[in-house]
Amino acid sequence: MQHVLKLPRTIFMVSGCFRPQSWTSLFKRTIYNIYKLYIITMLYTFTILQIMDIVLYVDNTDDFTSNLNVMINALVACYKMFVMSVNYENIIALIKCLTEEPFKPLDSEEIKIRRQFDRIIRNNTLLYTVSVVISVTFVILSSLFTDFRYKKLKFREWIPYDYSSTTMYCFTYFQQMLGACHSVVVTIATDNLMCGFLMHICCQIEILEYRLKKILNNRLTLGYCIRHHNQIFEFAQIINLKFTKIIGFQFLASTMVMCCNLYQVTKSSLNANNLWLIMFTNCILTQIFIYCWFGNKVKLKSLQLIDSIFQMNWPILDNSVKKSLVIIMKRAMIPIEISTIFILTLNLDSFVAVNIKTFLNKKAFIIKFYNK
């Protein structure tokens, strides 16, 4: 179990959402709970202060969009942390399921397939994490050379005290930076874990294809393969059930953030202060894209099973085996699809549709705003 989703689970642990199972002693559990409480305090304080700023002080479109893009992402991170914390035992059960039969590799070839997908998951996690960290680092450094020099805060928020003194300003500024960083870490952790589970669904389908070929040599019973196929569908259904609300909230929030960011970009000139908006928008687009990309891979991989069965050496099979394979093929004709609140399916068509609608809504909003 320790090798399944190792890197995503490590990032998940750093985010404060996932206590390592090996930490069973009272001391270690207490230490992690204190760390988790610190993360929750910083993250929720950062979010609440921005909400209060919108409620109390924002009175124009520019200030509203400036605050909303960061506040929504922080709110999504709070929601993700809450859902992941509540589903801690369910996540452990899903990871454990991948280490037990029929998902457990049975021979060297299946171990090779599992390791291949483990490398893909690791590389994807590193690539996504590094790209987001580079963007966040750029934002922090640019803020240190601009905002921090002139004692300005990077993000709008309601401050219930006077921060004109150097000490209070530094405390408030770094509280904002830490809150934003924790928000990013929670988002990265959840996204990587979700995509890791989707890749493991693809991995199990490929292992099933290999096992079906072993039927020709009578090295594996067809009943075992049928049970494996059913378990894959059930596993995907559980993943969809546990993550659908998170993905749906993420899609809604990302669409709103992109509209706000694009509106701000069109209203301002390109300079160091506004360049971070472009990078921020790029991160949001990447976030939506990876969900749709891996959801699309699961769909295509589940449909590929039909071709793999069709290419088997049917003449040498018994009639009973042929009938069972036809039943598997018929069920596989309905692909495994991950959906957002069971409305919008995660695939590349959805990614294109969401972005086209976002740009059209943004264009209509700007035209309406300037006509006023």
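The protein chain of this predicted model contains 10 helices and two strands, where helices (H or I, at least four residues) and strands (E, at least two) are DSSP runs numbered from the N terminus. Along the sequence these elements follow the pattern α-α-α-α-α-α-α-α-α-β-β-α. Residues are numbered from 1 along each chain as its sequence is written, and side-chain values use heavy atoms, with hydrogens and water left out. Local features need pLDDT of at least 70 and side-chain atom pairs count only at pLDDT 80 or more, whereas totals for chains, interfaces and linings use all residues.

Of the 372 residues in the protein chain, 49% are buried, a term that stands for under 20% relative accessible area, with exposed meaning over 50% and partly exposed in between (1.4 Å probe, protein chains only). Among contacts (heavy atoms within 4.5 Å) between residues at least 6 apart in sequence, 77% join residues at least 24 apart.

Aromatic pairs number 15 in the whole structure; rings of Phe, Tyr and Trp (its six-membered ring) pair if their centres lie within 6.5 Å, and planes under 30 degrees apart count as stacked, over 60 as edge-to-face and the rest as tilted. The pair of F18 and Y88 is tilted, because the ring centres lie 5.3 Å apart and the planes meet at 55°. This pair links distant parts of the chain, with F18 in the loop between α1 (6–14) and α2 (26–56) and Y88 in helix α4 (residues 88–97), 70 residues apart; both F18 and Y88 are buried.

An edge-to-face pair is formed by F197 and F235, at 6.1 Å centre to centre and with 65° between the planes. Here F197 belongs to helix α6 (residues 166–214) and F235 to helix α7 (residues 222–267), 38 residues apart. F197 is buried, with a relative accessible area of 0%, and F235 also counts as buried, at 4% relative accessibility. Ring pairs join F197 and F235 with F103 and F243 in a cluster.

Two packed helices are described by the angle between their axes and the distance between the axes. For α1 and helix α5 (residues 108–145), the angle is about 40° and the axes are 8 Å apart, the axes being lines fitted to C-alpha atoms over the stretch in contact, with angles running from 0 to 180 degrees between N-to-C directions. The two helices, α1 and α5, are therefore oblique to each other, since angles under 35 degrees count as roughly parallel, over 145 as roughly antiparallel, 65 to 115 as roughly perpendicular and the rest as oblique. The contact involves L7, P8 and I11 of α1 together with I121, R122, T125, L126 and T129 of α5.
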